[in-house]
Amino acid sequence: MKQAGKTLLWAVTGFGVATIVFGFSKNFALSLLMLATLGGLDNISVVIRSTLLLTQTPNEMRGRVASVNGIFISVSNEMGSFESGFVAALFGPIFAVVSGGISLALDAKGAVKDARVALGAVAPAVLLVAAAAKAIIGT
């Protein structure tokens with residue numbers, strides 16, 4: 001596939017945006033559309049990563065690499081579920097969905113001293129949004 005990297009980046013970015021829209025949505029039809037979009041964009045990401053794994057791994061290592069890949073995918077799904085449930089229990093489901101790509105560092109007074117906003121934070125390619133992070137710092 002030509003431009004697999006760009007396609008993967010757009011799929012991951014779209015996944016992050018659709019997740020945020022879903023998190024804030026109060027409209028059932030929009031929420032359903034965002035979930036369908038998430039599924040489609042996730043499929044694009046999976047197909048590209050799987051294709052690269054099969055085409056770029058030497059034949060004699062393919063089974064081992066596929067096994068390690070499967071373990072990491074399974075563990076990341078379970079860890080993500082735990083993290084999402086933990087954050088939802090503390091702050092509510094909307095915050096849990098939307099905040100998945102936001103990381104903050106606070107100073108002693110509780111003000112934000114550093115921020116990292118990422119779209120597709122659990123995907124293989126993360127898109128950092130520096131302007132959004134800059135806007136959060138100091139709040």
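A residue is called buried when its relative accessible area is under 20%, exposed when that area is over 50%, and partly exposed in between, with a 1.4 Å probe and protein chains only. The structure shown is a predicted model, in which local features need pLDDT of at least 70 and side-chain atom pairs count only at pLDDT 80 or more, while totals for chains, interfaces and linings use all residues. Residues are numbered from 1 along each chain as its sequence is written, and side-chain values use heavy atoms, with hydrogens and water left out.

Val65 lies in helix α3, residues 62–91, and counts as partly exposed because its relative accessible area is 27%. Val65 is in contact (heavy atoms within 4.5 Å) with Leu53 and Thr57, when residues up to four places away in sequence are not counted. Twelve residues separate Val65 from Leu53 along the chain, and their C-alpha atoms are 8.0 Å apart.

Turning to helix α1, residues 4–24, its 21 residues reach 30 Å from first C-alpha to last, close to the 30 Å expected at 1.5 Å a residue, where the expected span is 1.5 Å times one less than the number of residues. Among the buried residues of α1 are Leu8, Ala11, Val12 and Ala18.

Helix α1 packs with helix α2, residues 28–56, at an angle of about 155° and with the axes 9 Å apart; α1 is therefore roughly antiparallel to α2, a term for angles over 145 degrees. Leu8, Ala11 and Ala18 are among the α1 residues of this contact, and the α2 residues include Met34, Leu38 and Leu41.

Notes
Helix = DSSP H or I, 4+ residues; strand = E, 2+ residues; numbered from the N terminus. Axes fitted to C-alpha atoms, helices over the stretch in contact; angles between N-to-C directions. Parallel < 35°, antiparallel > 145°, perpendicular 65-115°, else oblique.
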